[in-house]
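Visitor: Could you take me through this one? I'd like to hear how the values were worked out as we go.

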Amino acid sequence: MNLEDSKVQVTDINMPFFSMVWFMVKWVIASIPAIIILWLLFIAFGGIVTGLGIAYIN
């Protein structure tokens, strides 16, 4: 086995159109939970920053 690095260049992906569309639909559906988690984190972070700002003003 050769331990040297070898370079690979992909020039084409042979995939039917509707198969690729279905793959992208599944990709979008899988990203929904990640979007919800990020949304909840942003809300929590915003609440913490707002709470600290109100506490600092008072």
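**Along helix α1**

Guide: I43 lies in helix α1, a helix being a DSSP run of H or I with at least four residues, numbered from the N terminus. The model is predicted, with local features needing pLDDT of at least 70 and side-chain atom pairs pLDDT 80 or more, while totals for chains, interfaces and linings use all residues. Residues are numbered from 1 along each chain as its sequence is written, and side-chain values use heavy atoms, leaving out hydrogens and water.

Visitor: How many residues has α1, and what does it reach from first C-alpha to last?

Guide: Helix α1 covers residues 17-57, which is 41 residues, and reaches 58 Å, close to the expected 60 Å, where the expected span is 1.5 Å times one less than the number of residues.

Visitor: Where does α1 bend?

Guide: The bend, about 30°, is at I32, with a proline, P33, following within four residues; the angle is taken between axes fitted to the seven residues ending there and the seven starting there.

Visitor: Switching topic, how many aromatic pairs turn up in the whole structure?

Guide: The search finds two. In the pair of F17 and F18 the ring centres are 5.3 Å apart and the planes are at 75°, so this pair is edge-to-face (centres of Phe, Tyr or six-membered Trp rings within 6.5 Å; planes under 30 degrees apart are stacked, over 60 edge-to-face, the rest tilted).

Visitor: And is F17 buried or exposed?

Guide: F17 counts as exposed at 60% relative accessibility, and F18 is exposed too, at 67% (buried is under 20%, exposed over 50%, partly exposed in between, with a 1.4 Å probe and protein chains only).

Visitor: What about K26?

Guide: K26 lies in helix α1 and is partly exposed, at 43%; its C-alpha is 35 Å from that of V49, 23 residues apart in sequence.

Visitor: And G47?

Guide: G47, also found in helix α1, is partly exposed at 42%, and its C-alpha is separated by 16 Å from that of I36, 11 residues apart along the chain.

Technical notes. Helices (H or I, at least four residues) and strands (E, at least two) are DSSP runs, numbered from the N terminus.
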